[in-house]
Amino acid sequence: MKTINLIYKKLSGIKQFIYLSLVIFFSILNSLYGADDLEKQYKDFTKETDKISKQFNSLPPDTSVESTIIDEAIREMDKVLEFANQSYRENKAEITEMTLTYIDRSLADISKLTSKEYSNDLSVIDMTNLPKEDFQEIMEISKQMKDNKKEKMVSLVESMTAIEKEGINLFQVSKNLNELGVDTLNFEDIAKVVSENSSLKEDVLNAAKKGISEKDYAKQLETIAEAERFGIAESTAKVAAAAASQGLTKDAMPTLETMQSELFDATAHNAAMAEMAAEIASGDIGSDNAKAEAAASYSESDRDDQKAKSDADAESTATEADPG
Amino acid sequence: MFKIKKFLAISTLVFFATSYVSSFSAIKESLTVKQEVKMLGVFSEPKVYPVGMIESFGKGCKKFFCRAQKATKKMSIVFNRGSEYHQRHPGAQLYALAQFELYYLQQLKKNEKKIQKFIAAWPDKKHGKTIVSLIKLNKSREKMRKALGMDLNTSAEEAMKRYWIMGDFLEKGEIKKQKINRDIKKREKLLAKYKKAVSIFNSALKDKEYENLYDEIQKK
């Protein structure tokens, strides 16, 4: 009997040992395939941003207006960064990603307040001397960059709406940044996105309403109404459709002839090109890990004249082709 | 007492086992792996190069191998340059992107047989490591192209042409130096560091969704 008891006790011990070994085995596997690498990158990220934050705070206050704006804007961004950290800790990866994209974009806008040591003056280029094919290619690239920018803007506004539901109102943050003097996402940008994507309208307005004053909300509504009345998107689409029905491949870009004519606003064009060049230079399309998405954009306001001319051009072509 | 211990042990075991399995729940199906490999494209030697690019190879360098080697060397030098260099040479980055296209083609050529063997052996993981590194390279290529409004359907010749034309265009401008306030300079540097930190971690988050796919391809 004594022996049986002894064997039973030993077997129980072995059983417990097996259970324990299995628990340890799965714990190791879990740590290997779980958050592992990302967790390390998160630690590096928080360490780096904490360091940068301390460095910003230790900077002596500067007398220049730009420095004051930058310092204030960074304090505004700190709140957003804290929210991103909190989202990550709560395992809300998608919200963290969206918030970081917003921070990235805002930091790029804040950076525009700092003038670069070297600038590239493109106004010295004589556009009429460029080979025809190269010229068309540059125009095409500009157009596609603009489309990219538009896509990103829609996605950003969508993200801001989703983030608002999670606890931070980025419409308000953007408004604060604009009031500080940072040229960033504003009422007009939001209005443009909403007027071209009506399904977003309700959500965006609800989110914006919670973050801005009644007066500002009224202003936002007015801007949207104006954008809708103006109907840029709709008219451009109609022109394109009319042209397409006649077998023309007309789009919103000006033709080479328009650009080479005396009417063409070369100064505005050069300014827009210069901005594009600066964006390419400040972006990191050439970095070894190829974070190219932040690359380039093409200033819309600088191209308004050309766009209007192009629309008129296309409309008259379409009308000529189909007078009825 | 023993029953409670047993229950606790089993519960812990089930918890860890479940979370271990769930870490693989997002694994894409085999079809996705094949699709990703298909997206790598097939090597085809470029028939046309931008004139400026040919000049950069030098007179004696006419074969694809020589051109790709030279392009890769030049590309890596430019990619490692600091922001001040890029401000002074606005076209350099775009020329480097054209050179990257050749580097990618060279990688495709070099690993052509491995890709074929991988496809033939799948789901056996033959040359998985090479395939994963090619997929990562291809994703970079896609991002770079997207910045100038192109995608993976754009031919290498067309992509090189576009990068080069834009590079030439930017190089035609006049570089002007201006004096910058020291405090602004400090803030500029900090902003750049801040942006880089955010961008790196955001990319890591985005890449996480591919990690399971990479594991599926290379882990035995």
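In chain A, residues 24 or more positions apart make up 75% of the contacts with a separation of 6 or more, a contact being two residues whose C-beta atoms, placed from the backbone, lie within 7 Å. Chain B gives 75% as well, again for residues 24 or more positions apart among contacts with a separation of 6 or more.

Before going further, a word on what you're looking at. This is a predicted model, where local features need pLDDT of at least 70 and side-chain atom pairs count only at pLDDT 80 or more, while totals for chains, interfaces and linings use all residues. Residues are numbered from 1 along each chain as its sequence is written, with chains lettered from A and ligands numbered from 1 in the order in which they are written.

Let's take the chains in turn. Chain A has 13 helices and one strand; helices (H or I, at least four residues) and strands (E, at least two) are DSSP runs, numbered from the N terminus. Walking from the N terminus, you pass α-α-α-α-β-α-α-α-α-α-α-α-α-α. Of its 324 residues, 29% are buried, meaning that 20 or more other C-beta atoms lie within 10 Å of the residue's own; 12 or fewer makes it exposed, anything in between partly exposed, and C-beta atoms are placed from the backbone. Chain B has 10 helices and one strand, in the order α-α-α-α-α-α-α-α-α-β-α, and 28% of its 220 residues are buried.

Now for the inside. A nonpolar core here is a set of buried Ala, Val, Leu, Ile, Met, Phe, Trp, Tyr and Cys residues joined through C-beta atoms within 7 Å. The largest one holds 44 residues, and Ile103(A), Met160(A) and Ile190(A) touch the most other members. From chain A, helices H2 (36–58), H3, H4, H5 (132–166), H6 (170–180), H7 (187–196) and H8 (201–211) each supply at least two residues of this core, and so does helix H10 (182–218) of chain B. H3(A) brings the largest share, eight residues. Zoom in on Met160(A): leaving aside neighbours within four places in sequence, its contacts are Tyr102(A), Leu170(A), Phe171(A) and Ala207(A). There's also a second, separate core of 30 residues, with Leu102(B), Leu105(B), Leu148(B) and Ile165(B) among its members.

Most residues other than glycine have a negative phi, and most peptide bonds are trans. Asn91(A), in the loop between helix H3 (65–89) and helix H4 (93–111) of chain A, has a positive phi near 60 degrees. Asn91(A) counts as exposed because it has 9 C-beta neighbours inside 10 Å.

Over in chain B, the loop between helix H7 (112–121) and helix H8 (128–147) contains Pro123(B), which is joined to Trp122(B) by a cis peptide bond with omega about 15 degrees. His127(B) sits in the loop between H7 and H8 too, and its phi is positive, near 60 degrees. With 18 C-beta neighbours inside 10 Å, His127(B) comes out as partly exposed.

The buried residues of H8(B) are Gly128(B), Ile131(B), Leu134(B), Arg141(B), Met144(B), Arg145(B) and Ala147(B). After H8(B) comes Gly149(B), with a positive phi near 75 degrees.
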